[in-house]
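Dear colleague,

Please find below the structure that I am handing over to you. My findings follow directly after it.

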Amino acid sequence: MSAKPAGDRGNLLQELFWTRTGLLLLILVVTSGTCLAISSTMDPGAIRNFVLSLGTGTMISAVVGFTQTLITSSAAQRALVTPVVEESRKALRELTFEYRALDREFFPTHVFEPTARPDPVFNQVMMQDLERTRLYGFRGFAGRYAACRLLLSQAECELRAVLADPRDDDAISGRARYLLRHEGADGDYDTIVDRLREQISIGLVGLFCARSRCSRIDLTIVSDPPLDRLELFDDSAWLTLYSNTSAGIVRLYPRTLRFSEGSFLYGMERAEFLRISNSKAGLHVVITPGTTREDFLVLFEKITGAPLTAEGFRALEEKFHAFRREFSTSAQLGS
């Protein structure tokens, strides 16, 4: 937005002819020229001298008035108009800065609409954030996507993940209801619940496979995970809105908002994530690069309440890598 007043004519000479003073000067010049022209056609005498004097005097008045108006307008421009324009520009700059600050504080930097398949742009921007982060915070359901991103990333970071408790039906019901709305009348709730429990098992095995890409993996298993998925990086927070079921058609991949570091939502989500991940109410499990398969089988049973055999581990591992290959191909992230 320009701070220049509307109707600014650009220079003083042009300004003069847009005022009543300019009209008066024009009348004087026309009168003077008319009188001088008439006097040149008259015979010598008193009347000719009078008309000539009238034309000459009018011309002098026009020149003096023009000069005086030019000087007065220039002084008025410097004394009145220029300070007002500068103050307007300053006020607009301050207002623009305030709006930009509000944008950074409350508005997302990116908005990704719901899709039926992984959005390549969405995943590429998120992978860029992951490459720059030291702490990767994940609050979601099964952790399969977090494990895939870690394996596809070239950087090393610390992962803190908050996952749903597979032993608690209430922890699974929110995601199950969302998927049931997506599948429509043909969906079966019990089938979806069984599939979600298997996804948690696959996600746990995937995180174990990605342990070498992290200095440490802290898992917090909670019975009441928030429905919306959060992926937190050093300079951004990604909020996937599984709770937004009133936006029209329900897609497999809901609407996602990215907020930058320093925004209100970033600070609020980071504080809430740290509160949940440090809460004594959840089950806390640590996986390090030195965690062996035998150690993991013990942790798996502790989390799920079901023992996992070596054969069962290999089956889940194959399912995870099949999921990783499918995801990386759909999201165009390589393999």
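Predicted model: local features only at pLDDT ≥ 70, side-chain atom pairs only at ≥ 80, totals over all residues.

The buried residues of H10 are Phe313, Leu316, Phe320, Phe323, Arg324, Phe327, Ser328 and Ser330. They lie on the same side of H10, because the arc they cover around the axis is only 150 degrees. The cover over these buried residues includes helices H4 (120–132), H5 (144–152), H7 (189–209) and H9 (293–304). On the face turned away from the buried side, H10 carries the exposed residues Glu311, Glu318, Glu326 and Thr329.

I also examined the cysteines. The count of disulfides, taken as pairs of cysteine sulfur atoms within 2.5 Å, comes to zero. For Cys157, the closest cysteine sulfur is that of Cys214, at 4.7 Å, which is too far for a bond. Seen from Cys214, the closest cysteine sulfur is likewise in Cys157. Cys157 counts as buried because its relative accessibility is 5%, where buried means under 20%. Cys214 is also buried, with a relative accessible area of 1%.

With kind regards

Methods. Residues numbered from 1 in each chain as written. Heavy atoms only, no water. Buried < 20%, exposed > 50% of the residue type's maximum accessible area, 1.4 Å probe, protein only. Helix = DSSP H or I, 4+ residues; strand = E, 2+ residues; numbered from the N terminus. Arc of directions from axis to C-beta. Contact = heavy atoms within 4.5 Å.
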